[in-house]
Amino acid sequence: MATGETRVDERTVTELSGHLRGELLGPDDPGYDESRSIWNGMIDRTPDYIARCRGVADVMGAVEFARENDLLVAVKGGGHNIAGKAVCDGGLVIDLSAMDAVRVDPDSRTARVEPGATLADFDHEAQAFGLATPLGINSTTGVAGLTLGGGFGWLTRKYGMTVDNLRSADVVTAEGDLLHASEEENEDLFWGIRGGGGNFGVVTSFEFDLHEVGPEVLCGPIVYRGEDAPEVLRHLRDFNADAPDEASVWGILRGAPPLPFLPEDVHGVGVAIVVAFYAGDMEEGEEVLAPIREFGDPIADAVSPHQYAAFQQAFDPLLTEGARNYWKSHNFHELPDEAIDTAVEYAAALPSPLSEIFFGQVGGAMARVPADATAYPHRDAEYAMNVHTRWEDPADDEKCIAWAREFYDAMAPYATGGVYVNFISEEAGQEELAYGENYDRLVECKNEYDPTNLFRVNQNVEPTA
């Protein structure tokens, strides 16, 4: 049955299967192909075993099984990681997708979230009480992977990154021990999981702080013709320089999607999209966002009160599972004219109709956290750029990847040199760019909690112990 690093005798496999509350799947079992499939259609890996865990005891048993049998091990939460690190060839996948409970305590304004939960699961429960925490922008993303890489979205300027709102976590280490990590207990482990990825163990529970948000927020896209993109992005940059923390305004360059509020004759045509969000009083938001909405001659302005949970899902149709994806990422302190002009030039030659370039505004509360307070180091970034190359035909792989790499290189002179770990595709050598000045401390943490590098199917921090 096994094709990985170590052949496991059937008796040992049977023993693990009998101890799991969930299932242990092999290549011939029903559900195997579904469980090994993930969001990025470029990833096609065949593990020897998939442990579909139902609780902490299952996770502990699966980690012990992998360690004692010298198996390569990958950990799958939402399965949304662009690099495909949720699955491996050979070895064992610890599949946490069935562990998706979210429990909100509205009195303490906290939420307990299991590692298989998605952003949609989290928002659904928290918004029942008018609460939220900063998450990403695609509701099918897994909470676990997003958090372990840092996590940013529409609420980040007001309330910080996802990791800044993490109060505690339960972690199964490489030794199979369950540890509670917080500012008061196993503090170095708690520091490491807040931006250091899955390098230190399997998180089985996250505890988050919540904030009053919605249920309606002022938000939405403003769409401009592609020829207006240079002026639109310059105006966005200048507006953002003095905007309050409640405002988050992002810029996107792509072909116009077939949205109902856009005329059919612009569908597929290059456009510049300004997405505005205001995390505060609606009337104040109208006044603050007025300079953005009054600029130029847009094709459409869909900024209005929207249900927060619905807006968190607004871009899901553009990010469905199964397409082929290759991403590159840069952080920026600012967007000089030369960077804007370069982005507009490359946007005019997008390699596929599904591809896009976005500049996500960050800063605000995120920037007021010291760079060494958590493992996530890039606190001085004002923008995170995603070169989001996406297509469907494998025959277009070479063309699309080459375009993304060329554009990434062209933007490098204007960037900080850091990258967002969750935006790294399947490439080696970018770990130190992602972890920056905190890399050495991450190595110390790795030496303490995973000295044999059992958890290495990730953006890996190699131990030196």
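**Entry 1: strand β4.** I began with strand β4 (residues 92–95) and found both faces covered: Leu92 and Ile94 on one side, and Val93 and Asp95 on the other, are all buried. I take buried as under 20% relative accessible area, exposed as over 50% and partly exposed as in between, with a 1.4 Å probe and protein chains only. Strands here are DSSP runs of E with at least two residues, and helices are runs of H or I with at least four, numbered from the N terminus.

I note for the record that this is a predicted model, in which local features need pLDDT of at least 70, side-chain atom pairs count only at pLDDT 80 or more, and totals for chains, interfaces and linings use all residues. Residues are numbered from 1 along each chain as its sequence is written, and side-chain values use heavy atoms, with hydrogens and water left out.

**Entry 2: partners of β4.** I looked up the pairing next, where two strands pair if DSSP finds at least two bridges between them. Strand β2 (residues 49–52) runs parallel to β4 over four bridges, and Tyr49 has Leu92 as its bridge partner. Strand β3 (residues 73–76) is also joined to β4 by four bridges in the parallel sense; there, Val73 stands opposite Leu92.

Entry 3: I then checked Asp48, which lies in the loop between α2 (32–36) and β2. Is Asp48 buried or exposed? Asp48 is buried, because its relative accessible area is 1%. Its C-alpha atom is separated by 9.4 Å from that of Leu71, 23 residues apart along the chain.

**Entry 4: strand β18.** I turned to strand β18 (residues 356–361), where six of six residues are buried. Glu356, Phe358 and Gly360 point one way, and Ile357, Phe359 and Gln361 point the other. I recall that side chains in a regular strand alternate between the two faces of the sheet. Strand β13 (residues 247–255) is joined to β18 by four bridges and runs antiparallel to it, with Ile252 opposite Phe358. Strand β19 (residues 383–391) is also antiparallel to β18, over six bridges, and Tyr383 in β19 is the bridge partner of Gln361.

Entry 5: Glu187 is found in helix α7 (residues 187–193) and is partly exposed, at 42% relative accessible area.
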